[in-house]
Each structure stands twice: as C-alpha cells, then as structure tokens.
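Biologist: I would like to learn how to read pockets in a model. Can you take me through this one?

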Amino acid sequence: MKVISSYSIKGGVGKTAVSVNLAYALQQAGKRILLVDLDPQGAAAFFFRVSPAEKFKMKLDDLTDAGLRQNIRESDYPGLDILPSNLAYRNFDLVLDRLRKSRKQLRWLLDELGTDYDCIILDCPPNITLLSENVFRASNLILVPVIPTTLSERTLEQLFEFFAEMELPARILVPFFSMAQTRNRIHQETIAHLPERYPMFLKTVIPFTVEIEKMGLHRMPVLAYAAKLPAAQAYRALCEEIQERWSVN
C-alpha cells in the first residue's frame, strides 16, 4: 500500500483537483483507492458526491482504525472509496497533541486502513501544523502544486527548508506546475527556470482553465466528464508521470 498526499503551504493552488483526478485515474487503472479528505472544507468528497461525515466527532477515542473506518463511503466508481471530511477536523491537531508519539499517529492509522487498498490519497489543508507533520511522515509521495509565480516559488522554498530542518526526506516532495497561463510572461519564465533549481519537478504542466473549475458543477473529476479536452489530457499525463514515479519508489 502506498500513501500519496496532495499538499501545499499555499491555498488555492489545485491540491484538491489533483487528488480527485489522480484517485479517479488510479481507479480506472484497476487500483483499489481510498481518498481521505483532510481539509475541513470537504471539497474532495463534494466532487465525488459524497456527503460530510456528519456523525463523526473528533474525540480521542475516535482516532482509531475502527473510528475512521465506519465513516468510509463508496463513490460512484467501484473500487474508489472516500473518507469524507468534517468541520471537526479543525480539532485534529488538538487531538494529536494529546497522544504519545504525536507525529506518527496518522501513519499508524493509515497502515491499518491500508490493508484494504492499493493506494491511499490524502487531500490536505494548506498549512504547516502537527497534522501536516503527520502527513509528511506517513507519505511515500507528496505532490506539491505550484502556481508559476514568485510567491508560490517562495512557499515551495519554505517547504523544502522545513523538511531540512525536521530532517525529513526531501526526495518524497514532487512539485508540479498548476494553474499555469501560457501567455503570462512571469509564468513562462518561472516554468523555464524553477525546475533547474528543483529537478524533481514533474514535466506535465496543468493549465489554468475554466474546465477544471467546472468540476464543482459536474461534481466529478474532469477526467470523467471531459476526457478529450486539453485540461483532462494534462491531468492524464500528470497521473501517468506520478504512476511512473510511484513504481520507481
């Protein structure tokens, strides 16, 4: 079982879009997938027409394999399950902080949940917290969407610095360009020079397009409703790159 996370310090960069489309692409490839929506906004579950886990309460006793498993829901795609988010997830850090070895709790939980799946995908909130540190230690691969701007470049640098400070393996960080505008000169220049500094960048660039924003209207991955459009083709290419990187690791 592999754990792939979609994470960025910065919000609004396309984390959920890649989580949703990757989960769908892997399901279509015959993998058993669990998509875990860790963001209290619950967008990943929304895109799969899955309601929030309303009965779930973030209590110490619920942070167990059984406590999480009872909230897993089936999606419309056989073999792809969703662990939906809940506003109670805002208390995740408080719960983790009360536990022994608080930075490894999520890894242990996912090891238990992962017995039924080939891959667990984590859609993460945009911050660096105790939950984030748990995500870093639980992941085999961390996808980092980067809008090709100076501010996003700075947040990527901060993430690598944090990994170095905490002695975490930077090799699991896999950035890619997201929401790119090909006619924007700053975007063009950033796409050209940033991979020289970070050679682990994926080659595929996800464009800024309204078709991806329409996921909220269709409530499904862009790969499912617009497979032939350029945006979907870009996500397909990205997912193929990720699967290649997954096999290497």
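Biologist: Which residues lie nearest the centre of the second largest pocket?

Modeller: Start with the general idea. Rolling a probe the size of a water molecule over the atoms shows where empty space is left. Here the model is predicted. Nearest the centre of the second largest pocket lie S139, N140, P169, R171 and I172, among eleven lining residues. The space in this pocket is about 190 Å³.

Biologist: Which helix gives the largest share of that lining?

Modeller: Helix α6, residues 130–138, with three residues. By type, the lining of the second largest pocket holds five nonpolar, three polar and three charged residues.

Biologist: How much space lies in the largest pocket?

Modeller: About 430 Å³. It has 24 lining residues, and G12, G14, K15, T16 and A17 are the closest to its centre. Several elements give two or more residues to this lining, including α1 (15–28), α2 (43–47) and β7 (173–180). β8 (205–207), α9 (210–213) and α10 (215–218) are also among them. The largest share, three residues, is from α1.

Biologist: How many residues of that lining are nonpolar, polar and charged?

Modeller: The lining of the largest pocket has 13 nonpolar, eight polar and three charged residues.

Biologist: Now the cysteines. How many disulfides are there?

Modeller: Look for paired sulfur atoms within 2.5 Å. The count here is zero.

Biologist: Is C124 buried or exposed?

Modeller: Compare its relative accessible area with the cut-off: buried means under 20%. C124 is at 1%, so it counts as buried. C239 is buried too, because its relative accessible area is 1%.

Conventions:
Residues numbered from 1 in each chain as written. Predicted model: local features only at pLDDT ≥ 70, side-chain atom pairs only at ≥ 80, totals over all residues. Heavy atoms only, no water. 1 Å grid on protein atoms, 1.4 Å probe; cavity = no way out; pocket = protein on both sides within 12 Å on 5 of 7 lines; lining within 4 Å. Points joined across faces, edges and corners; volume = space filled by probe spheres on them. Helix = DSSP H or I, 4+ residues; strand = E, 2+ residues; numbered from the N terminus. Nonpolar A, V, L, I, M, F, W, Y, C, P; charged D, E, K, R; others polar. Buried < 20%, exposed > 50% of the residue type's maximum accessible area, 1.4 Å probe, protein only.
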